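Good morning, everyone, and thank you for making time for this.

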Amino acid sequence: MATKGFDKEAWIPTSCNGCFNVCAIKVHRKDGKVVGVKGDSSVLSSKGKVCGKSMARVADLYDPNRVTVPLKRTNPEKGIGVDPKWKEISWEEAMTTIVERLDKVRKDDPRKLVLANFDLCNMAVVSGFGEGFGTPNYDLYNATYCGSGLHTIFFLTLGTVNSEIDLERCNYMVLWGAQLGLGANNNCMRAIDNMAKARKRGARLVVIDPICGHAGAKADEWVPILPGTDGALALGMVNVLLNELGLYDAEFLKRKTNAPYLVRPDGRYARDPQSHEPLVWDPVEKKAKQYDAADVEDYALAGVYHLTDGACTPAFELLKQHVRKYSVEEVSRITTVPVDTIRRIAREFGEASQIGATIEMDGQTLPLRPAAIDFKRGVNAHKNGYFNCFSLQLLNIVVGAPNNPGGLLGTNAIGPYSLWRAYKGKDGLLTNNHYELARGAAFFSPYPPKKAAPPDSLNLMSLFPATGFLPAMPHFTMHDPGKFRLPYKPSALIMCRSNFIKSYLDPRAIADNLKKLDFILAFARQIDEVSEFADILLPEAHDFERYWTFPANQPLGFITPGPGKWYGQIVQPVVDPPPGVRNWLDVLMDIAERLGILAGMNEVINRRTGFDVAFELGVASEKLRPDKKYTVEEICKKQVEVYTGGVPYNDEMFRESAAIDFYPKSIEESFPGPFVEGRIPIYLEHLIDVGEDVKKVTKKLGMDWWDTSPYRPLADWRPCPPFESKAEGYDLFLANSKTALVAHSLNAENAWIDDVCKRHRMDHYILVHTSAAAKKGIKDGDMIWVESETEVRVKGKARVTECVHPKVVGTLGNLGGWARGKPIAKGKGIHSNSLIKFDWEMVDPVSGQIDTCARVKIYKAGNNNE
Amino acid sequence: MSKYAMFIDLDLCIGCNACTMACKAEHGTQPGVFWAFVLEKEEGKQPDVKRQFIPVLCNHCEKPLCEKVCPTRATHRDAKGIVLIDYDKCVGCKACISACPYNIRTYVKREEFYFPNTPIPYGVNELRGIEGVVQKCNLCADRLKNGQEPACVEVCPTSCRTFGDLENPESDVAKLKKTVKSFQLLPEMGTEPSVYYMRTDRKRAFVRAK
Ligand code: SF4
Ligand code: SF4
């Protein structure tokens with residue numbers, strides 16, 4: 001039955017989900033069909049602009065390859081390329097089977113159920129299902145997309161999940177393995193607008209990346225770097241700033257970081273014997289004082305002080321001495337960046353930060369640091385990713401850029417209504433409640449660290465007490481539960497919009513994992529690579545056809561930091577789904593009802609959506625009742641009431657605009673740097689204890705192979721495992737970059753996007769540097785093989801170019817699909833993740849980050865298609 | 001009288017192709033047919049390599065070579081300077097394709113859809129059933145009539161495209177023409193394009209260290 005009013009022509013405001021960014025859009029409905037998309041000019045997230053992916057969403061909606069009926073696999077054999085031999089079944093048959101299978105799992109051991117999804121804004125429902133069911137394993141998803149190191153470091157140093165340069169004030173912008181404002185990355189449309197204005201204003205853009213992608217193309221200076229060596233370059237630059245130029249923000253370091261904390265010879269803080277709080281040295285009174293004592297006249301950053309604990313040194317002095325080993329010459333050898341370039345960029349960055357400068361805002365005088373380094377997956381996706389990110393962040397920290405005007409802003413350390421908060425935690429260091437709120441999306445609060453314990457969940461969170469994000473571990477634990485002393489073997493999987501067989505490492509390993517499961521339920525719009533392994537497949541609604549929980553733009557990640565306002569965006573249906581197709585979350589709630597787990601589920605939803613708090617405060621009229629099954633639409637509308645402080649949802653609210661405004665951000669919310677009390681660590685003292693703790697627990701478990709050596713308080717660079725490989729002939733490294741049109745593998749299965757990419761000079765090609773091509777006799781346009789040490793090879797067309805590091809083979813987007821249900825994406829471009837080794841040696845034992853480096857060789861494909 | 005012109009700031013364009021897609025959505029062009037698209041050029045060697053994005057569309061030339069060769073007068077320049085094709089008159093002889101130095105015209109032999117037998121619904125149906133003709137950008141003539149800007153201009157997230165009437169001295173394009181150094185593609189062909197390219201004269205918020 002058609003929804004009332006859906007036959008009327010209108011522009012319906014909603015939020016796009018062409019990538020994870022949820023920009024506000026308006027969708028044109030005519031004769032019950034979607035005929036166009038434009039930006040919603042009333043909302044800051046798009047200001048009336050949209051990207052090509054969004055415009056092309058009409059082609060997703062009307063793709064005849066969409067799944068519209070429940071399907072059952074009839075071929076018991078599973079594998080890559082194996083035809084599931086689908087058979088259409090009724091919804092009732094599907095639901096009966098699903099409930100029967102899941103019920104069996106639940107009675108056996110509920111922890112054996114795994115949920116994988118990338119519905120970022122709907123984690124409350126998904127985690128509710130997981131917890132209601134009784135499994136801790138509800139956060140497996142697109143494992144290599146973002147980062148265990150990255151998000152953890154942002155937690156520690158910015159007090160939140162993500163980062164963005166303050167583009168409105170920054171004069172020296174460094175994008176390092178990131179493309180903020182260039183068509184990829186966070187808050188996409190607003191960042192593009194701000195970046196364009198910044199560049200027009202004359203701000204300088206330096207891009208450090210093995211590939212000259214969209215960011216490199218617009219850079220004033222593109223610095224090609226060998227993949228995975230970013231941490232070394234950053235530490236070399238810290239060395240230049242601290243030891244060659246003496247260019248750093250001493251005031252910031254003294255008052256806003258743990259740089260003055262005194263460190264004992266054993267690496268731990270010197271502590272006050274009574275309070276056990278860390279000590280600093282007051283050079284005026286010449287005595288040690290508690291770091292937060294009101295009477296500290298000044299903080300020593302240098303020198304050695306003899307306390308009862310022995311000779312103690314300020315953390316800053318330790319860092320300063322430590323980075324000496326990253327001499328510019330040595331760093332140049334590691335990274336291939338010329339000595340002069342390293343020195344010059346370090347100096348430019350330091351000078352541009354205008355240490356000491358201030359700006360008047362809102363009647364307050366704030367520090368102004370118009371230089372910032374932003375970094376994302378390129379820096380993070382290495383075994384040393386955690387310390388790579390920390391090393392880069394040290395550059396921002398020593399010039400005082402974090403959370404200050406002009407510098408690097410955390411994505412809203414302090415959120416609306418103080419729901420999101422960053423504050424002073426253990427030992428005076430920065431901590432926040434964000435990661436607990438984002439739980440369900442593989443986030444865990446990394447500070448203060450927890451105690452290590454034998455693992456109970458697939459993500460092994462109890463063996464990673466100092467990390468904040470663990471999406472990548474379940475594939476390892478599913479592969480070999482015994483190795484990790486997991487007391488059970490997973491047996492069932494529910495997945496939605498998480499094509500992890502394409503977004504993870506070597507698909508052969510993932511295929512093995514999937515084959516071992518007894519039952520797989522997939523919700524799918526297209527039968528993608530991972531859905532080919534499903535036992536039952538249910539059709540999923542397009543986001544133009546469904547509600548989401550509210551707001552679509554969680555301020556944790558989807559509202560541009562800095563001045564502006566708080567607002568909440570809706571995802572509401574524009575048209576009806578094809579007959580029989582439903583919102584997967586509604587189906588999930590049906591399943592919950594039939595399994596009898598509604599009470600547990602609703603309790604979690606109450607907690608994660610804020611219904612609990614709102615109800616207590618009298619803002620919400622009621623919270624979810626334990627025995628009642630709700631729809632996503634009902635939850636969404638209830639949340640509107642919560643966010644508006646008690647104004648009940650009505651149909652007019654989202655008729656003209658995709659968002660409702662809460663209130664303008666205060667100066668504290670815009671620039672939390674000067675206001676938040678927690679200090680930023682430059683010295684990770686807590687890692688010493690965590691390392692020892694993990695060592696004890698793993699040893700007791702008989703897991704002596706678990707490496708705890710990287711648990712060190714000072715940042716270091718370590719080479720990626722493939723760097724040390726002895727295999728002969730693999731003379732090149734693999735690197736990948738995103739494009740504005742293909743942010744996720746799902747974008748590749750879009751007829752319009754494909755049609756545009758096909759004509760492009762780079763998109764479907766393998767980038768080979770001119771010199772490497774000459775050496776191998778490869779000409780532009782030749783078919784070539786890229787073969788990795790794991791003896792996997794992929795074939796594609798070579799683009800001979802200067803836009804890639806000479807030692808690197810470059811690939812773009814997540815392409816090279818093979819699913820028969822995605823005929824458009826199939827065989828387009830290459831799938832570079834196939835070349836990456838699935839091996840525990842690729843995992844960082846501190847953060848759980850996996851390395852995506854690979855050593856490869858290239859050669860021409862023969863005539864007989866060989 | 002008016003004389004439409006478009007200025008494209010190459011320094012700002014990031015090659016995102018929102019314009020390409022907006023054009024496709026606006027007109028419902030068929031697979032492989034693009035009235036607006038983005039070219040890419042690479043120049044130089046590391047460390048001085050430049051990757052450049054160049055958005056292109058019909059130049060709506062003041063002296064269009066395509067019009068000159070069109071035997072049926074299907075291709076004509078209207079009073080506002082838009083070069084249009086009357087699809088009723090076009091016989092698909094392709095003379096204009098050879099004559100146009102900018103390679104932005106496409107001969108459409110048969111109407112095709114992205115999905116077999118399932119046309120994607122479009123806001124407009126201007127091209128439904130139009131086959132055996134040459135097609136190209138019409139500067140969103142219908143949108144202009146409604147007081148809207150061309151789709152590629154409205155969508156561009158970097159706002160690198162400026163559109164307006166050169167005859168109106170108050171318009172942004174007239175001001176740009178006067179104040180900014182700009183160039184047209186292949187001026188030596190004598191076509192006098194209405195599409196101008198420019199590079200932002202960037203102020204220096206940051207002074208580079210020696
Ligand atoms: S950036 Fe992503 S969310 Fe925003 S308009 Fe484009 S596809 Fe949609
Ligand atoms: S939309 Fe604008 S920035 Fe994007 S490619 Fe087109 S002209 Fe360039």
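Predicted model: local features only at pLDDT ≥ 70, side-chain atom pairs only at ≥ 80, totals over all residues.

Let me begin with K197(A), which at 48% relative accessibility counts as partly exposed, where buried means under 20% relative accessible area, exposed over 50%, and partly exposed in between, with a 1.4 Å probe and protein chains only. Residues are numbered from 1 along each chain as its sequence is written, chains are lettered from A and ligands numbered from 1 in the order in which they are written, and side-chain values use heavy atoms, with hydrogens and water left out.

K197(A) forms a salt bridge with D193(A), with 3.0 Å between the closest N and O atoms; by salt bridge I mean a side-chain nitrogen of Lys or Arg within 4 Å of a carboxyl oxygen of Asp or Glu. The two residues are four apart in helix 6 (residues 188–201) of chain A, and so are separated by about one helical turn, helices being DSSP runs of H or I, at least four residues long, numbered from the N terminus. D193(A), for its part, is buried, at 12% relative accessible area.

A second pair, R343(A) and E329(A), meets in a salt bridge at 3.6 Å, N to O. Here R343(A) lies in helix 12 (residues 339–352) of chain A and E329(A) in helix 11 (residues 328–335) of chain A, so the pair ties together parts that are 14 residues apart in sequence. Both are partly exposed, R343(A) at 30% and E329(A) at 45%.

How many salt bridges are found over all chains? A search of the whole structure gives 82.

Turning to ligand 2, 14 residues surround it, the closest being C13(B), C16(B), N17(B), C19(B) and C156(B), and a residue is taken as near if one of its heavy atoms lies within 4 Å. This shell divides into 10 nonpolar, three polar and one charged residue, with Ala, Val, Leu, Ile, Met, Phe, Trp, Tyr, Cys and Pro counted as nonpolar, Asp, Glu, Lys and Arg as charged, and the others, Gly among them, as polar.
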